[in-house]
Amino acid sequence: MAAKKLREVALTEAEYQTIVELLGRTPNDVELGMIGVLWSEHCSYKTSKPFLRRLPSAGSRVLQGPGENAGVVEIGEGWAVAFKIESHNHPSAIEPYEGAATGVGGILRDVAAMGARPVAILDSLRFGPLPASRHLFEGVVSGIGGYGNCVGVPTVGGEVYFEDCYADNPLVNAMCVGVVRTDQLKRARAEGDGNLLLLVGADTGRDGIHGASFASLELDDSSEQRRPAVQVGNPFLEKCLIEALQELVDHPAVVAIQDLGAAGLTSAVAEAAARGGSGALIDVDKVPRREGGMTPYEVMLSESQERMLLVVERGRQAEVMPVLEKWDLHYAVIGEVTPDGVLTVEAGGRVAARLPIEVLTEKAPVRTLRGRAPNPTRHRLDLDSIPAEPESVKGSLLRLIGHPNLASKRAVFRRYDHQVGNATVIRPGGDAAMIRVHGTRLGIAMTTDCNSRYCELDPYLGAQIAIAEAARNIVATGARPLAISDCLNFGNPDKPEIYWQLEEVISGMANACRALDLPIVSGNVSLYNDTDGRSIFPTPVIGMVGVIDDYTRRLEAGLAADGDFVLLVGASGNDLGGSRYLEIEHGLFAGRPPEVDLLGERAAQEYMLAAAGASLLHSAHDVGEGGMLVALAEACILGERGVRCPALASMGELRTDALYFGETQGRFIISAPSRSMPELQNLARRHRVEIQLLGMVGGADLEFEGDFSVTLEEMSRLYYGAFD
Amino acid sequence: MKFGVVVFPGTWSDRDCGRVVTEVLGAELEYLWHQEKDLKDCDCIILPGGFSYGDHLRCGAIARFSPVMDSVVRFAAHGGLVWGICNGFQVLCETGLLPGALIRNDVCEFRCQWTHLVVERDDILFTSTLRRGEVIKIPISHGEGNYFADAATLSRLEQNNQVVFRYAQPDGHVVPAANPNGSIHNIAGIVNREGNVLGMMPHPERCAEPELGGTDGLRLFKSVLEAFAELVV
């Protein structure tokens, strides 16, 4: 087989031989292209699949685990949350605006396909440092806003980080959260012989052909030539599509809904048929086109956006069409469900491709490689060589909260409509966002989290921390964490060190998921995030949702009332490894990330939920990067209130820098009225959690008496001004 | 009384306005699909926020040709209450029911944030329960909310006292720093000479419940409801 042709469809010679064996013949070009995209890493997960099986996906609230358009968990009162996170890294590297915009568009359709109404978007973004990466940053943020704002779904949260390793390979991970009545949940199973396949939405063009294969290659100088593989979004059409689907969700003639994403029609039909245990017959001549002269190959592989496949009961299509026409949507019956387990593609009355569904899906190859741990002495940290007393605690604090990685991302989220829907009861800027469910008091808390620096230093620990911290974000709002959607971003797994990272990260995640009782219900893997041989940090982004029964009892991060006591929940250690303090104040990227005591973590979280549930607290904030003092400063800035603390006595082995800026896990800053104190202490004893009184809310300064004092005004100016 | 909320393809504040009317205000509601001409006996027509027809060409440029807009124009001409919010304001300007235009924010970015507005008119139905000079807090969410009018139009607007809301500091001072989008004279909302057609960029429907950060928006809805009740009596 010509090497050039195989490279075009991103298959190896060995994979080609397997195809010939499976089919008992040589595939034609259309078939080869179809198999190529579905066997790509992006669609088949061939490298990560053996590891992914280790992740827990079951739970009493799980209605739908991995393998569908999105995962679904029950939240009570007949409602469920459908959610998923997905990467759009490579398209965004090449064409940041459209890459990010279509990333949002794709994830919205995944959630809509479950019968859910999308109610929130979150975006986890990573770039190289500014100003060098300004064009990518600007393009991606504009693209997310351009799509999300137009489609009318609020963008309520996410992350933005800047590290050298993402300079040429930014990460754009988009998460969508939707709500659905449990009895209206749809599944994308092509079932019922003779039922019709209805293609709805945009006409099909040549855009995005080989997008999935492109996502499965390293970026290099030739990537620029792949710009045509990036799709162009039309959020107005998407909005009409979502509204039409909402009207059709409980229509008995609609058997299933499937999004057309990566690998277009080929993937959509193959996956839906595989789930339904059926086959399908497609007539490409019936597919509405936006340009002439398209070959069957191009039609089957196009990744034109804003398209959905509906399976409709034969003979009942006339019942569905008025809704599609009301929303001015193009549609066409392009084929039907067959009982033979084969995907047959016809063009011009002739068979253009005929492939068993299982060859396209479950027979996709699985790769097992060999991992190798990197040299354990790299990034070694000798804490004794660093003075334990910061030169100026105040100076360090101001530099930390003014650093783009720790400062407020208001400059970003004010460019997103985060209020449309009248449901955003916790807006962006704190720990997790919260969306209320109309007609109930249910609140859905949601967040994304990953500290990829920790993961680079120790992928196993870093992955555990990503999950523990995401859960703390949720818990800090008073909501109970329910489930995870993960987006695993890695470099080229053919490198033994990267393969080792993948294995370590998934082991760490599996461990933390079990300890915290959190199933992973959907997700996505993005490998080959390399540019010219350099890999990104391992970046397992954790998207998490939680629920609170009564959103009027939610907590926010900002201090809420003068005279309240401010406490630190959780014990502190000399956890400076991988910390922002070492990076910003000492120029060091070194050490081991903090250990995660998962039992202790769980105890701290249960303590917080008990305290919040008993209405003992006025605010709660997760202690993360920058440690206790940065978290305390944020609680002041967000609440627009000062806090006065007695000087902190150094305690035993604890270093002064670690006391203020160490990143020990399992900690929160809380504030509470004095009447809550006895019960908070009782609860702490019962949950075996340490709590420490820091000070009292009031005034316009953050002050540690006798040590230092800083005004709210000065902190706010730096915290909100990092992107000016 | 009955509120009518117009739904164009691409509108997204329709259900937010609708819920405020029915669940918070407790008034009657009809959704009016853009292809229908029947206003269903509504007493106040809301043109809500969103990206009608994707805001293709210009914001609001295509929506003005919708069948429903013929009826809205006739309704307004007979003194009916028409209230354009955000994209609805843009549609009213395109339709010619209000003068001027909304152009791209001077910051060249979309802005979703809270703003303070000083109230300049309390003698129209939309602001009947507010007081002239008071400051209310309502969020904006737009990329093209920069109000512009030529000098002659602007001076007519000011002379006729048609500016209803201006972006201001929390203490009511109208200064450039309080202007989120570059609007001329800090204009956030205007009314026609007759006082029955209001256009405003901020979203009152987004602050009708304390859980969403404020209730000043509800006061506008209540103004219409109460003023209308008195009118009918």
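A: Start in chain B, where strand E6 (residues 111-119) and E7(B) run antiparallel and are joined by eight bridges. Here a strand is a DSSP run (E, at least two residues; helices are H or I, at least four), numbered from the N terminus, and two strands pair if DSSP finds at least two bridges between them. This is a predicted model, so local features need pLDDT of at least 70 and side-chain atom pairs count only at pLDDT 80 or more, while totals for chains, interfaces and linings use all residues. Residues are numbered from 1 along each chain as its sequence is written, with chains lettered from A and ligands numbered from 1 in the order written.

Across that chain B pairing, His116(B) sits opposite Lys137(B) of E7(B). Strand E7 of chain B spans residues 135-142, and six of its eight residues are buried (20 or more other C-beta atoms within 10 Å of a residue's own, C-beta atoms being placed from the backbone).

Now hop to chain A. Six strands make an open sheet there, ordered E1-E2-E3-E6-E4-E5, with mixed pairing. Strand E1 (62-64) and strand E5 (155-162) of chain A are the edges, each pairing on one side only. On average, neighbouring strands of this sheet are turned by 20° against each other, direction ignored.

Zooming in, five bridges link strand E2 (residues 71-76) of chain A with strand E3 (residues 79-87) of chain A, and the two run antiparallel. In that pairing Glu74(A) stands opposite Ala80(A) of E3(A).

Methods: A residue is buried if 20 or more other C-beta atoms lie within 10 Å of its own, exposed if 12 or fewer, and partly exposed in between; C-beta atoms are placed from the backbone. Axes are lines fitted to C-alpha atoms, for helices over the stretch in contact, and angles run from 0 to 180 degrees between N-to-C directions.
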